[in-house]
Amino acid sequence: MERRVILGIDPGLAHTGWGVIAQRGGKLECLSYGCVATPSSQALSERLLKIYQQISAVAERFAPTCVGIETVWFGENVTAAFATGQARGAALVACAEHGLHVGEYTPRQIKLAVAGTGSADKRQVQYMVGQILALAEDPHPDHAADALAAAICYTTHENALSGKGLPV
């Protein structure tokens, strides 16, 4: 069975989480994870450039073939959603530059994929990501855990489409 590398992204202007997993059949392994932090004191264009550059560097280092990325949830704070959408755009450009196949998932779909419920809280997601990837400790910060969850979600949705469901 071939091994594939999947990048997960939890976009945000202040914090964009990223996580990289490897999949061989039904087995998932965490390769690395982290967070791109940009200070609010920095110009918007510089913040977006940093997100683009760091996601591009992650893609260059780990050579994923695909990415699972969270969609923007609007809720009541349209300003925050707009900023998240800009950060998401910067990350997507980096992914496009590396030729990655993109899977886009709502927060609810991601939570459902890892925790079995679309209403799971951040702590539940962190715990379940740690369990699924057999990590010694739950991943931190929560943005990185959410990114790993997006990568896991990609595997469950991709496999469901191909008839190779992944037990989680």
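Rings of Phe, Tyr and Trp (for Trp, the six-membered ring) count as an aromatic pair if their centres lie within 6.5 Å; planes under 30 degrees apart make the pair stacked, over 60 edge-to-face, and the rest tilted. The close-ups below come from a predicted model, where local features need pLDDT of at least 70, side-chain atom pairs count only at pLDDT 80 or more, and totals for chains, interfaces and linings use all residues. Residues are numbered from 1 along each chain as its sequence is written, and side-chain values use heavy atoms, with hydrogens and water left out.

**View 1. One aromatic pair is found in the structure.** Tryptophan 18 and phenylalanine 62 are the partners, and their pair is tilted, with 6.5 Å centre to centre and 40° between the planes. Why give both values? A pair of aromatic rings is described by the distance of the centres and the angle of the planes. This pair links distant parts of the chain, since tryptophan 18 sits in strand β2 (residues 15–24) and phenylalanine 62 in helix α1, 44 residues apart. Helices (H or I, at least four residues) and strands (E, at least two) are DSSP runs, numbered from the N terminus. Tryptophan 18 is buried at 11% relative accessibility, and phenylalanine 62 is buried at 16%. Here, buried means under 20% relative accessible area, exposed over 50%, and partly exposed in between (1.4 Å probe, protein chains only).

**View 2. The structure has zero disulfides.** A disulfide is a pair of cysteine sulfur atoms within 2.5 Å. Cysteine 66 is in no disulfide, and its nearest cysteine sulfur, that of cysteine 95, is 10 Å away. Are these residues buried or exposed? Cysteine 66 is buried at 2% relative accessible area, and cysteine 95 is buried at 1%.

**View 3. Aspartate 138 lies in the loop between α4 and α5.** With a relative accessible area of 14%, aspartate 138 is buried. Its side chain makes a polar contact of 2.6 Å with the side chain of arginine 123. A polar contact is a pair of N or O atoms within 3.5 Å; within protein, one must be able to donate a hydrogen and the other to accept it, and residues adjacent in sequence count only if both atoms are side-chain atoms. Leaving out residues up to four places away in sequence, aspartate 138 touches Arg123, Gln126, Tyr127 and Gly130, where contact means heavy atoms within 4.5 Å.

View 4. The peptide bond from histidine 140 to proline 141 is cis, with omega near 0°. Alanine 134 is exposed, at 67% relative accessibility.

**View 5. The largest pocket has a volume of about 520 Å³.** Among its 28 lining residues, the closest to the centre are Asp10, Glu70, Trp73, Pro107 and Lys122. Two or more lining residues come from each of α2 (78–97), α3 (107–115), α4 and α5. Which element gives the largest share? It is α3, with four residues. On a 1 Å grid over the protein atoms alone, a pocket is an open set of points where a 1.4 Å probe fits, with protein on both sides within 12 Å along at least five of seven lines; lining residues have an atom within 4 Å of a point. Grid points are joined across faces, edges and corners, and the volume is the space filled by probe spheres set on the points.
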